[in-house]
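Here's a quick walk through a protein model, side chain by side chain and helix by helix. Have the viewer open as you read.

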Amino acid sequence: MARGTFRNLMLFGASLLYCGVAQPALADGTYKIGFAGSISGFLATCDDPVLKGMQLAADELNKKGGIAGKYKVEISVVDSKSDPAQAQVAGSQLIDGGAQFMIGPCAGDIALATAQLAHDAGIPLISSVNADSFFVNKVGDGAFLIHPGAVAEGKALADYAVKARNLKTAYVVTSKDLVFTQQTSDGFAKEFEGAGGKVLQTDYIKLWQPSQAAIVSKIKAFSPRPDVIMSSQMIPDMPGFIRELRAAGLDTPVLLNDGNDSNLLFSSGADLGDVTVASVALATPGSSFAAFNQLYKDKNGKAPESSFVGAGGDILALINRAVETAGSTDPKAVASALAGIEDFQAVTGKYTYKDKSGVPTRDFLMIVPAKDNKSFAIRNTVKPDGSVN
């Protein structure tokens, strides 16, 4: 094993296994995490990789004694099936089963029922890779995101467009089907125009359509042509949308949300051209995230399908840190400790919750297709204050 890889595996272990004094655990010495995410249905592309990352991180923790080095991690799974009613059923079953910490579905629309049950039971909850900027406010204390929120993501895309690319006019393609898609485009439009840009047109589409040829035709006919197209569509729609844009002769720069920071974006085989994706994580060589991905590959025989596997590692690292800091597995104490986390290095990056009401501050990476058109490279970083590096 190369020295750099070994060092980063040690860093990963440190982020998960930081140990300290803890009060006695449950009689069976376990810490029970309930996973009510969607491992089937349209949200499975988000929640299933998160679960896989959590399971990998739990295995690594348990080799060293478990959470805070003392409590074996036990992850119980009930599939919410990308359905709000089933999310409520899943949450109820897991709470009744003794979950001490809950993981809810990735979409705020669907996670709300699970989160409200957890709140009423006094159990802290992280809503997978949910990006609903107002989710925590809807639920109350004890609810957390690991994403900085869709509004912040849209603003970051706008700051990048104006400050790093000097793009002045935009055509926005969005959807009301999900809170995430709507909030991202809203955040983009407000920040873009506030910075002196102009949104020429906003079109609303239905997600998960076999073709977006109609919207591509509208963009092609639009005059004057926009400097940039911002779209909050996601995998699996996006590869086809980009292919249709390029086939129509539109080489316009395209800005995408982090529902597309996956190698599946390259699945159409088309040259993506000038495409930028907002992301909170990229496994660059030598990083702790890259080391985590190597652990995953060694165990499963293939690389992770998306950055959401790393997000699962983040969740376990954050829970571990909160339990260690609390010195207790008491749910209220753990929630309070998590809310006080500041500048903590997890698997994919640093987290700060202190004074942020359950929504962390994190940098946004502006990633672009690498030369091989099969992977990503970082072009710019947008800080929480809107500065672009």
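## Aromatic pairs

Keep in mind that this is a predicted model. With ring centres required to lie within 6.5 Å, the count comes to six aromatic pairs. Take F42 and W208: their ring centres are 4.8 Å apart and the planes sit at 55°, so this pair is tilted. The two residues come from distant parts of the chain, 166 residues apart. F42 is in the loop between β1 (30–35) and α2 (44–63), while W208 is in the loop between β7 (198–204) and α8 (213–221). How exposed are they? F42 has 37% relative accessibility, so it counts as partly exposed, and W208, at 34%, counts as partly exposed too.

F188 and F192 give us a stacked pair, with 5.1 Å from centre to centre and 20° between the planes. Both belong to helix α7 (residues 179–194), where they're four residues apart, or about one turn of the helix.

## Charges over rings

R362 places its charged end over the ring of Y351, 4.1 Å from the ring centre. Elsewhere, the charged end of K176 sits over the ring of Y204, at 4.7 Å from the centre.

## The two sides of α8

Which residues of α8 are buried? They're I215, V216 and I219. Looking down the axis of α8, you'd find its buried residues within an arc of 105°, so they line one face of the helix.

## Where α10 crosses α11

Helix α10 (residues 288–300) and helix α11 (residues 308–326) have axes that come within 10 Å and cross at roughly 105°. Since crossing angles from 65 to 115 degrees count as roughly perpendicular, that's what α10 is to α11. On the α10 side, the contact is made by F289, F292 and Y296. The α11 side brings in V309, G310 and G313.

Two cis peptide bonds are worth a click. One runs from S223 to P224, with omega near 0°, and P224 is in the loop between α8 and β8. Another goes from I235 to P236, with omega near 10°; here P236 is found in the loop between β8 and α9.

Then there's phi. N166 isn't a glycine, yet its phi is positive, at about 55°. You'll find N166 in the loop between α6 (150–164) and β6. W208 turns up again here: it has a positive phi of about 60° although it isn't a glycine either. So the W208 that pairs with F42 in a tilted arrangement also has a positive phi.

Methods: Residues numbered from 1 in each chain as written. Predicted model: local features only at pLDDT ≥ 70, side-chain atom pairs only at ≥ 80, totals over all residues. Heavy atoms only, no water. Phe/Tyr/Trp six-rings, centres within 6.5 Å; stacked < 30°, edge-to-face > 60°. Buried < 20%, exposed > 50% of the residue type's maximum accessible area, 1.4 Å probe, protein only. Lys NZ or Arg CZ within 6 Å of the ring centre and 35° of its normal. Arc of directions from axis to C-beta. Axes fitted to C-alpha atoms, helices over the stretch in contact; angles between N-to-C directions. Parallel < 35°, antiparallel > 145°, perpendicular 65-115°, else oblique. Contact = heavy atoms within 4.5 Å.
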